[in-house]
Amino acid sequence: MIKFDSVTYVYPTGARALSDVSVEVGKGELVALMGENGAGKTTFIKHLNGLLKPTSGRVYVDGKDTRTLSVAQLSRIVGVVFQNAEDMFFLPTVEEEVAFSLRNLGFSEDVVQKRIDWALKFMELEVYKKRSPFLLSGGEKKRLALAIILAWNPQVIAMDEPTVGQDSMQKEKLKEMIKQLSLQGRTVIISTHDVEFVAELRPRVILMSRGKIVADGDADTILTDGELLRSCSILMPQVAATMSRLTDLGFNAKVISVEEAVRSIVKRLMEIEHTRRA
Ligand SMILES: Nc1ncnc2c1ncn2[C@@H]1O[C@H](COP(=O)(O)OP(=O)(O)OP(=O)(O)O)[C@@H](O)[C@H]1O
Ligand SMILES: [Mg+2]
């Protein structure tokens with residue numbers, strides 16, 4: 001669905017934000033882009049809908065070279081929710097914000113109304129339909145930005161730091177929503193510093209550092225590699241850190257979810273009890 005082929009991106013200031021990045025993301029994959037501040041995550045995401053075009057190398061979206069398509073054309077395939085959701089808004093009501101892009105994409109008026117209702121309900125924003133988007137809380141603005149994107153049903157959804165500013169309840173909902181989108185076959189790419197969120201979501205993790213991809217694998221492998229994470233200024237999830245300190249006692253250290261940690265602890269305790277009795 002997405003292919004980066006030796007992509008280098010240098011900002012006009014001379015900052016080299018992506019350096020020879022090659023990676024493929026398949027249809028329906030769930031990916032977390034992680035890495036320190038300035039690693040290149042946002043720059044990567046901006047290449048998905050053509051806001052940025054590679055300085056050298058190629059980005060392909062659904063087989064098409066992004067240099068040959070406009071941002072509007074690419075946006076039909078890739079919906080991007082940026083970190084500053086507010087920058088997207090300019091209309092008097094929540095409802096009109098959602099309607100605007102749908103009308104732009106040429107949907108008929110009854111489809112527009114159905115999609116608005118569905119998207120606002122999905123993001124639990126129906127009660128704010130007639131309210132100004134600027135009067136929403138930070139977390140609600142983020143949800144509105146996501147509702148706008150979901151309304152036009154793009155195949156790929158990319159979210160830059162979606163958990164920032166969300167309370168634990170909303171994070172939980174966001175996690176379920178991302179899982180649901182993924183189960184429906186959408187390709188979902190999120191950039192985040194939130195290790196705990198990633199540990200619960202268990203996506204494929206692409207770890208970036210200084211414009212390069214330094215690791216690519218499943219969350220269980222990457223998030224239990226203390227040395228690798230430290231080199232990218234990321235802390236292990238708390239469960240993984242706790243379990244890794246218990247390795248000497250025979251517990252399985254490569255664990256990132258609470259459920260697995262509990263299972264591993266119970267298993268080990270039963271083994272100890274069994275040995276004691278024998
Ligand atoms: N508009 C810009 N002009 C010049 N340099 C930029 C611009 N945006 C980003 N950069 C530089 O490019 C590099 C990558 O930045 P990017 O925003 O992609 O990182 P990031 O991984 O998203 O970081 P963060 O976790 O802080 O959001 C950084 O060195 C940054 O200073
Ligand atoms: Mg960023």
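Predicted model: local features only at pLDDT ≥ 70, side-chain atom pairs only at ≥ 80, totals over all residues.

How far does helix α11 (residues 258-277) reach from its first C-alpha to its last? Keep α11 selected and look around it.

The protein has 11 helices and 10 strands, and its C-alpha trace spans about 75 × 45 × 30 Å along the principal axes. Of its 278 residues, 38% count as buried. If you draw contacts between residues at least 6 apart in sequence, 60% of them join residues at least 24 apart.

Next, select residues 94-104 and 109-122, which are helices α3 and α4. Their axes come within 10 Å and cross at roughly 130°, and that angle makes α3 oblique to α4. Turn the view to look across the pair: α3 passes α4 in a right-handed crossing.

Which residues make the contact? Show side chains for E95, V98, A99, L102 and R103 on α3, then for V112, R115, I116, A119 and L120 on α4. Colour the set by residue type and you'll get 7 nonpolar, no polar and 3 charged. As for the spacing within each list, an α-helix has 3.6 residues a turn, so residues three or four places apart point the same way.

Notes:
Residues numbered from 1 in each chain as written. Chains lettered and ligands numbered in written order. Helix = DSSP H or I, 4+ residues; strand = E, 2+ residues; numbered from the N terminus. Buried ≥ 20, exposed ≤ 12 C-beta atoms within 10 Å, placed from the backbone. Contact = placed C-beta atoms within 7 Å. Axes fitted to C-alpha atoms, helices over the stretch in contact; angles between N-to-C directions. Parallel < 35°, antiparallel > 145°, perpendicular 65-115°, else oblique. Left-handed = near helix turned anticlockwise from the far one by under 90°. Nonpolar A, V, L, I, M, F, W, Y, C, P; charged D, E, K, R; others polar.
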